Amino acid sequence: MMEQLYNWFESFLNELPPLLQLIVGMFIALGVFKLMNLVFEKYQKLNKKDE
């Protein structure tokens with residue numbers, strides 16, 4: 001299941017023009033950074049409650 005989804009996403013990205021591939025990659029990178037930031041903020045809030 002996961003491998004099929006990965007293969008579909010990879011083939012979809014390979015069909016896009018290079019500039020759109022760059023833009024999609026930037027959005028994915030920003031999304032991952034935002035997700036990591038949210039997790040880190042939750043972790044800090046949990047540590048403050050313990051003290």
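Two helices, α1 (2-15) and α2, each supply at least two residues of a nonpolar surface patch; helices here are DSSP runs of H or I with at least four residues, strands are runs of E with at least two, and both are numbered from the N terminus. The patch is made by Met2, Leu5, Trp8, Phe9, Phe12, Ile28, Val32 and Met36 and amounts to about 830 Å². The largest contribution is that of α1, with 5 residues. Patch members have over 30% relative accessible area and no salt bridge, with nonpolar side chains (Val, Leu, Ile, Met, Phe, Trp, Tyr) joined within 5 Å and like charges within 9 Å. A salt bridge requires a side-chain nitrogen of Lys or Arg within 4 Å of a carboxyl oxygen of Asp or Glu.

The model is predicted: local features need pLDDT of at least 70 and side-chain atom pairs count only at pLDDT 80 or more, whereas totals for chains, interfaces and linings use all residues. Residues are numbered from 1 along each chain as its sequence is written, and side-chain values use heavy atoms, with hydrogens and water left out.

Trp8 and Phe12 both lie in α1, 4 residues apart, or about one turn of the helix. An α-helix has 3.6 residues a turn, so residues three or four places apart point the same way. Trp8 is exposed, because its relative accessible area is 51%, while Phe12 counts as partly exposed at 38%. Buried denotes under 20% relative accessible area, exposed over 50%, and partly exposed the range in between (1.4 Å probe, protein chains only). Phe9, also a residue of helix α1, is partly exposed at 33%.

Helix α1 is hardly covered, with a count of 1 buried residue among its 14.

In α2 (residues 18-50), Gly31 counts as partly exposed at 38% relative accessibility. Its C-alpha atom is separated by 29 Å from that of Asp50, 19 residues apart along the chain. Leu20, likewise placed in helix α2, is partly exposed at 41%. The C-alpha atoms of Leu20 and Met2, 18 residues apart along the chain, are separated by 24 Å.

At the level of the whole chain, the secondary structure comprises 2 helices and 0 strands. The radius of gyration is 17 Å, whereas a compact globule of 51 residues would have a value near 10 Å; the radius is taken over C-alpha atoms, and the globule rule is 2.2 Å times the number of residues to the power 0.38. Along the principal axes, the C-alpha atoms fill a box of roughly 50 × 30 × 5 Å. Of the 51 residues, 4% count as buried. The chain exposes about 5200 Å², of which carbon and sulfur atoms supply 70%.

Methods:
Accessible areas come from the Shrake-Rupley method with a 1.4 Å probe; for residues, only the protein chains shown count as cover.
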